Amino acid sequence: MSDPAITPELVQKHGLTPEEYQMILDILGRVPTYTELGIFSVMWSEHCSYKNTRPLLKTFPTRSSCILVGAGEENAGIVDIGDGLAIAFKMESHNHPSAVEPFQGAATGVGGIIRDIFTMGARPICAMDSLRFGELSKPAVKRLFSGVVAGIAHYGNCFGIPTLGGEVYFDRSFEGNPLVNVFALGVLRHEQIARGKASGVGNPVFYVGPATGRDGLAGAAFASQDLTEESAEQQRGAVQVGDPFMEKLLVEACLELLATDAVAGIQDMGAAGLTCSTCETAARAGTGIEIELDRVPQRAPNMSAYEIMLSESQERMLIIVKKGREAEVQRIFDKWDLPWAQIGVVTDTGRMVVKHHGQVVADIPAAKLANDAPVYHRASQPPAYFQKTRSFSLADVADTTRPMDALKKLLEWPTIASKNWVYRQYDHMVRNGTVVLPGSDAAVVRLKEDCLPVLPAGSAAAERPIPEKYLALTSDCNAAYVYLDPYEGGKAAVAEAARNLACSGARPLGVTDNLNFGNPHNPELFYQLKEAVRGVAEACRVFDAPVTGGNCSLYNQSPEGPIDPTPTVAMVGLIEKREHITTQWFKSEGDRILLLGEPVDAADPLQGLGGSAYLLRIHRKKMGTPPPCDLQREKLLHDTLRELIAQGWVKSAHDCSEGGLAVCLAECCMSRREARGHSVLVGAEVDLSAWKDCRLDALWFGEAHGRVVISVAPKDEQAVIERARLRGVPVHSLGVVKGQSLKIKTAHGAYTARVSTLHDLWWNSIDRAMSD
Amino acid sequence: MNFAVLQFPGSNCDQDCVHVLKNVLGHSAWLQWHKERSLGAADAVIVPGGFSYGDYLRTGAIARFSPVMQAVQEFAAQGGLVLGICNGFQILCEAGLLPGALVRNRSLQFRCEHVYLRVAAADSPFTCCTPEGTVLRIPVAHGEGCYFADEATLQQLQAGRQILWQYCNVRGELTERANPNGSVLNIAGVCNAGRNVAGLMPHPERASEAILNGEDGRRLLESMIEWWQKRRPAAAA
């Protein structure tokens, strides 16, 4: 079988422009081979090269005193958490594969992100997922939703990583193009950081893990195209098949191997498989690499060089071993019954040389391939739809007269309803670290000795006790806000994440982001991207939460149109002491309910209803501008809340977000889960009659930022009010935890609902929708 | 007391068991690799949860053939204490050390949540510190935990008081709603006729510390320790 001739059509089929092809000719000084063309096409895809987003990503803050490995340096960033310990975390998308084959698409997403973490030398200890689908009433959406959740559950549960949290939104714009953003976090000691570098000329290059097959051919290139109706049929072969059991063996074997000090460099074979791992490791070390494809374990007969280089078969690693220590690698991988092969050697040529059947099939300067991808500054222009969405005023919708009915409708709306149908399918307790289970503002996980990678025999570090530490994790993004105002929406995503951490008692350490946007060639869609990044970057600076890495997923659109722009923000924070861990539900009858922040933002002409869940659910309108986010006030609120928590005054804390104050209060009354069939429900009597001048719907459901509902023991109420005022944070006494009903008194009337009724709507809504 | 915690490829609750036995309860515990043919100085064996051999073929079906399981067979035959948790329960059933089988949850989905368990028989090394009728709150996390046995086996189990734990509600009632997986008779765990081998789907090691939202699981592990230290017959000493 001979390779096809390089023609303009073939170049175009590989997604390369004539200008990009000319760059390839200049780099090589000749016409590329078929294999080389394939290699360039995947390495220069958006997924691998960030060619459309690189100038924007440079605007993110990426440094702080606790960053040990910064964004873009390696497979994941690393953050110091004190006492010689550090964490590695990252988020990545698997949107396109999940659209085509939801189970495997989502499962391999989890596998990929876990590999990014242990490639750094860290032991993966928890995961989160941020998911978005179309409206749940559609059968096709149910199929995608259940497939994605089952795929995540399959991979994470079998691997043995707790999936602690995340978010799920349902909105028409994601129909046909779901978003599947997966996050993983690992822990390590400072001295255990591993590097993806092919250092040491003459060092042997090992391939470990299962054999290479034809699955996942050129997945990275596939991820960088618009989804079309033909995608499903034509590109199913580009979706990989995952085996979490292999991955579990791989992590244990790799961590055991890293403890031997026999490893010079290590990198997983993720997107663009063998291609990416070889050229990137060589580029980072400033070396060359030469591999022999005949030595690569192969699952399918007669695979071509092109296929072997571009395959994205899962659970494979590239390991550069210190010369003379090969036997240790072999011993450990034999122990775990994992296939391995010595496939090449590190050279001093700076070139990536690939041989197959005795012939050189690729010979490319590694650094140019890995780092010199074209960079595009795309044109941007404010979207035309702004004209319509911004013409909205509150006069366009009548105020509510039945707020309790609206509250019920919001609570059973799948985006707001409890996500227990999802997280009960994830093993969220394995590894014995989950302190706050899914269902509060942020998940909390404790670190203990077995979270850390194994140490070399006789290591002095083994004597060092591991101090008690708690991490809080959340992921957030309200895409409707970003659609209506990308800059404010970007800020809001970060602010909400930071607020969720503050509610759990944590201080932010860093952020990993996943930018899910539409086609960057469309100036209106590129405007969304550019402005959202500006907002995210600004907010990250204010909260001192540098971006440690992440992922871009462009070309998210289905035949129906582009998705709502979604810069998903996953934020990790540290809780200093066990006593500071705080949950969202009310604790005891008689406790006082306080609001930190103002019920309604007087400066916002839409009173917090622009882009709100209330407008979307009750009036079917995605209109207006989202509530503006004052980052300085927000920061002050978070600092003050942490101070109140540290004083031991705060018994519960829950932020107001989708559905506003009313949904927040209802959740405080009903989100405490003891066990199957046993939620602990408690009522509240709340008096909002002091706010007479605002609309009733805005008072209940407005989504102004910078608001947190806390409960405190009656004896501490005065101290909390005084301390908040001293810090300059508005504070209002709203009522008391009492009885079995949620009673809200307003200037327009008093409204009551049994908490058990609200709970049933909220807890069982998704289950009911899925069993229809 | 010395605990050997078996480690198969794909075990993932092995470290959790060692953590609780060692750091919480203060006993000696170690990981026993599946290729080993002996159990060392073990006084008891824990077969932990996870996905041994990736659940290939059938849950627990391949692990039973591993060298270490031959050692466990002999250990159990001599009256040694063996506890299987989740996938460990499945392995013990596959190995014929416990009666019955575990099949796919009736919901066809994986379930991870806290459940309530009623202690159905206190006269075993695994329940001796929990009087009959005690309600324990312990999490489950499994996709194939629906306990099944034929009518004759169920009668034997009942006659021999071999059903140790049953799913119940917070008031201790054995309702259908309290049953997370469709197990027959709400069975969560059983022991063998000799009462030295037991298995259950819930994870006691995940409910052994106050910080992890509950300590009821500890009472099960403490029962084993209490029995071994004070109550075991002289012959087994």
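Which residues have the most contacts inside the largest nonpolar core? They are A:Met43, A:Val494 and B:Val45, and the core itself has 329 residues. Keep in mind that this is a predicted model.

Okay, let's stay with one of those names for a moment. If we leave aside the neighbours within four places in sequence, A:Val494 is in contact with A:Val511, A:Val536, A:Ala539, A:Cys540, A:Phe543 and A:Val569.

Now on to the sheets, beginning with the six-stranded one in chain A. The order of the strands is β1-β2-β3-β6-β4-β5, the sheet is open, and the pairing is mixed. At the edges you find β1, residues 67-69, and β5, each of which pairs on one side only. On average, neighbouring strands here are turned by 25 degrees against each other, direction ignored.

You can see both kinds on β4 of chain A. With β6(A), residues 179-189, the pairing is antiparallel and runs over nine bridges. Look for A:Ala127, which stands opposite A:Ala184 in β6(A). With β5(A), residues 163-170, β4(A) runs parallel, and seven bridges join the two. There the pair to find is A:Arg132 and, opposite, A:Tyr169 in β5(A).

So is β4(A) mostly covered or mostly open? Mostly covered: eleven of its eleven residues, 123-133, are buried. There is also a helix to look at here: α8(A), residues 139-159, lies across β4, β5 and β6 of chain A and runs at about 180 degrees to β4(A).

A:Ile289 stands opposite A:Val346 in β11(A).

Let's switch to two helices. A packed pair like this is described by the angle between the axes and the distance between them. For α23(A), residues 631-646, and α26(A), residues 717-727, the angle is about 145 degrees and the axes are 10 Å apart. From α23(A), the contact uses A:Leu636, A:Thr640 and A:Leu644, while α26(A) brings A:Val720, A:Arg723, A:Ala724 and A:Arg727. By class, that is four nonpolar, one polar and two charged residues. And α23(A) passes α26(A) in a right-handed crossing.

Where do the two chains meet? The contact takes 30 residues from chain B and 29 from chain A. On the chain B side, α1, β6 and β7 each supply at least two residues, and β6(B) gives the most, with six. That side of chain B has 14 nonpolar, nine polar and seven charged residues.

Just after the helix, B:Gly26 takes a positive phi of about 75 degrees.

Last stop: two arginines in loops. A:Arg431 has a positive phi of about 85 degrees although it is not a glycine, and you'll find A:Arg431 in the loop between α18 and β14 of chain A. B:Arg161 has a positive phi too, near 50 degrees, and B:Arg161 is in the loop between α4 and β9 of chain B.

Buried or partly exposed: how does A:Arg431 count? A:Arg431 has 24 C-beta neighbours inside 10 Å, so it counts as buried. B:Arg161 has 15 inside 10 Å, so B:Arg161 counts as partly exposed.

How values were computed. Residues numbered from 1 in each chain as written. Chains lettered and ligands numbered in written order. Predicted model: local features only at pLDDT ≥ 70, side-chain atom pairs only at ≥ 80, totals over all residues. Axes fitted to C-alpha atoms, helices over the stretch in contact; angles between N-to-C directions. Helix = DSSP H or I, 4+ residues; strand = E, 2+ residues; numbered from the N terminus. Left-handed = near helix turned anticlockwise from the far one by under 90°. Contact = placed C-beta atoms within 7 Å. Nonpolar A, V, L, I, M, F, W, Y, C, P; charged D, E, K, R; others polar. Core = buried A, V, L, I, M, F, W, Y, C linked by C-beta atoms within 7 Å. Buried ≥ 20, exposed ≤ 12 C-beta atoms within 10 Å, placed from the backbone. Pairing = 2+ DSSP bridges.
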